Amino acid sequence: MFGLFNKKKAMQPRKAQSMNDTTKYLLGEEDIPKVWYNIAADLPSPPPPPLHPGTGQPVGPDDLAPLFPMALIMQEVSAEREIEIPEPVREIYKLWRPSPLVRARRWEKALGTPAKIYFKYEGVSPAGSHKPNTSVAQAFYNKQEGINKLSTETGAGQWGSSLAFAGSLFDIQVDVYMVKVSYEQKPYRRALMETYGARCVASPSTETNSGRAILAAHPDSTGSLGIAISEAVEVAATNDDTKYALGSVLNHVLLHQTVIGQEAIKQMEMAGEKPDVVIGCAGGGSNFAGLAFPFIGRKLRGGDDMRVVAVEPASCPTLTKGRYTYDFGDTGHLTPLVKMHTLGNSFVPPPVHAGGLRYHGMAPLVSHAKELGLFDAVAYKQTECFEAAVSFARCEGIVPAPESSHAIKHAMEEALQAKAEGKSRVILFNLSGHGHFDMAAYTEFFSGKMVDKEFDPAEMDRALSELPAVAAE
Ligand SMILES: *Cc1c(COP(=O)(O)O)cnc(C)c1O
């Protein structure tokens, strides 16, 4: 009897699906942006220039020529709002771009929030993150200037595999110095780099003066991005046939990532929504800027307003606890001095699984935008980020990279705040990559053994006290 009753109920006509049920907002290949967006054109003041550590004077294009091809140096100093994307680069972007914008409907329901949560998914690239957006462009410009060898560093291995992928497309030999703790934690990242034909070395290594100096002082060094950068820069600076490539921080890298935000603006329009808050995790600042700068630029030109939030690890709190000052980009003092939020170039962040967020500094353009009040920054501990990532994965299916889990954690906080207020809110965050190579970190999380490594302010003060005199302002 009850069965019959239930059946009758089940046979009631279903409510018709409306357009509002769309989950994925997809663009066509013709919608891949034709230009990169340069926020320098719209900022109320220009960012302070990089300085030569010897003279304290702004560095010129010639100072950078040993490291980068001239086309990238010109992008680094450009004030043009739009820079054309070369057709061969757009052709390669077609392998994974435009990337999808997804509405996280099941996660919204699980959180019981009236907020609408959208994410731009960059994990669809061959390397599994946003980084090929710039690695392909950098390889293209190097090849155009006759360069056949590149050296670089990598943290968690995302950048190393992205440049290895680009190197394979342009027939460029790539040498990757990988932060030792990640080299040991993520052996499959190394295998991926080798699959693309690159050579991967644990850093600090015995191959460079910078590496040998660190090993002499700290034989057990777990490495850091600052140290690995020194090794890769040294190799490029001392070999005429080799140039250097950086996966974040520099203006031209942020520039190349703006394809993310330009696509997202179109896709949010398709969804008929305006984001109230735009969120990205921030290590060197490139995926954050890639999503946020096109939105911030539109606002600066008189368009829609919204909040923007950068999310960093509590163990490496560059934007929230660092000092805004001139510092070296690397530990071995081979780079120019750049004005940025920094914990000090000799600060070695405690090992966390989000290796891509373990950098002592921040992109100068992102730091400058922070000083101009164009966005806020927050920091979270790694276990709470993994909790959020698992909650997300169990609803949306995608296992996020540990770096991206920071953006997810803040999106969740925004959604829960909206719930507490009983008000709707449109949230957009960048899901910068998937975590398929980071499953050991998830295993550690599920074992209950993951700990939150504490940030040591005294160690930061020590590192900051060593900053070069020219940095004193
Ligand atoms: C490298 C990386 C980051 C951090 O770098 P940014 O330059 O701050 O974007 C974040 N997410 C993923 C997936 C990465 O690979």
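The protein chain is divided into two domains, domain 1 (101-128 + 252-464) and domain 2 (130-251), with bounds that come from an automatic or database domain assignment. This is a predicted model, in which local features need pLDDT of at least 70 and side-chain atom pairs count only at pLDDT 80 or more, while totals for chains, interfaces and linings use all residues. Residues are numbered from 1 along each chain as its sequence is written, and side-chain values use heavy atoms, with hydrogens and water left out.

Taken over C-alpha atoms, the centres of domain 1 and domain 2 are separated by 23 Å. The contact (heavy atoms within 4.5 Å) takes 43 residues from domain 1 and 40 residues from domain 2. About 3200 Å² is buried between domain 1 and domain 2, and carbon and sulfur atoms give 58% of that area. Here, buried area is the accessible area (1.4 Å probe) that two parts lose on being put together, summed over both.

Turning to polar interactions, 20 residue pairs are in polar contact between domain 1 and domain 2, both residues being at pLDDT 80 or more. A polar contact is a pair of N or O atoms within 3.5 Å; within protein, one must be able to donate a hydrogen and the other to accept it, and residues adjacent in sequence count only if both atoms are side-chain atoms. On the side of domain 1 that touches domain 2, at least two residues each are supplied by helix 12 (251-257), helix 13 (259-270), helix 14 (286-300) and helix 16 (364-371). Helices (H or I, at least four residues) and strands (E, at least two) are DSSP runs, numbered from the N terminus. Helix 12 gives the largest share of this side, 6 residues. By class, the side of domain 1 that touches domain 2 comprises 18 nonpolar, 20 polar and 5 charged residues. In this scheme Ala, Val, Leu, Ile, Met, Phe, Trp, Tyr, Cys and Pro count as nonpolar, Asp, Glu, Lys and Arg as charged, and the others, Gly among them, as polar.

The rule for salt bridges (a side-chain nitrogen of Lys or Arg within 4 Å of a carboxyl oxygen of Asp or Glu) finds 1 across the interface of domain 1 and domain 2. Asp438 and Lys186 also form a salt bridge, with 2.7 Å between the closest N and O atoms.

By this rule the count comes to 24 salt bridges. Asp31 and Lys266 form one of them, their closest N and O atoms being 3.5 Å apart. This pair links distant parts of the chain, 235 residues apart: Asp31 is in the loop between strand 1 (24-25) and strand 2 (35-37), and Lys266 is in helix 13. Lys266 is partly exposed, at 37% relative accessible area; the scale used here calls a residue buried under 20%, exposed over 50% and partly exposed in between (1.4 Å probe, protein chains only).

Lys274 and Asp304 meet through their side chains in another salt bridge (3.7 Å, N to O). Lys274 counts as exposed, with 55% relative accessibility, whereas Asp304 is partly exposed at 30%. A further salt bridge joins the side chains of Glu413 and Lys409 (2.8 Å, N to O). Both residues lie in helix 18 (residues 404-421), 4 residues apart, about one turn of the helix. Glu413 is partly exposed, with a relative accessible area of 30%, but Lys409 is buried at 8%.

Helix 16 deserves a paragraph of its own. It is largely enclosed by the rest of the structure because 6 of its 8 residues are buried, namely Pro364, Leu365, Val366, Ser367, His368 and Ala369. Among the elements covering these buried residues are helix 12, helix 14, strand 12 (323-328) and strand 13 (337-342). After helix 16 comes Gly373, with a positive phi near 75°.

Asn142, in helix 6 (residues 132-144), has a relative accessible area of 0%. Leaving aside neighbours within four places in sequence, Asn142 is in contact with Pro69, Leu72, Ile147, Leu150, Ile172 and Lys243. Ser432 belongs to the loop between strand 15 (426-431) and helix 19 (439-447) and is buried at 5% relative accessible area. Not counting residues up to four places away in sequence, Ser432 touches Glu122, Gly123, Gly128, Ser129, His130, Cys281, Asn287 and Ser404.
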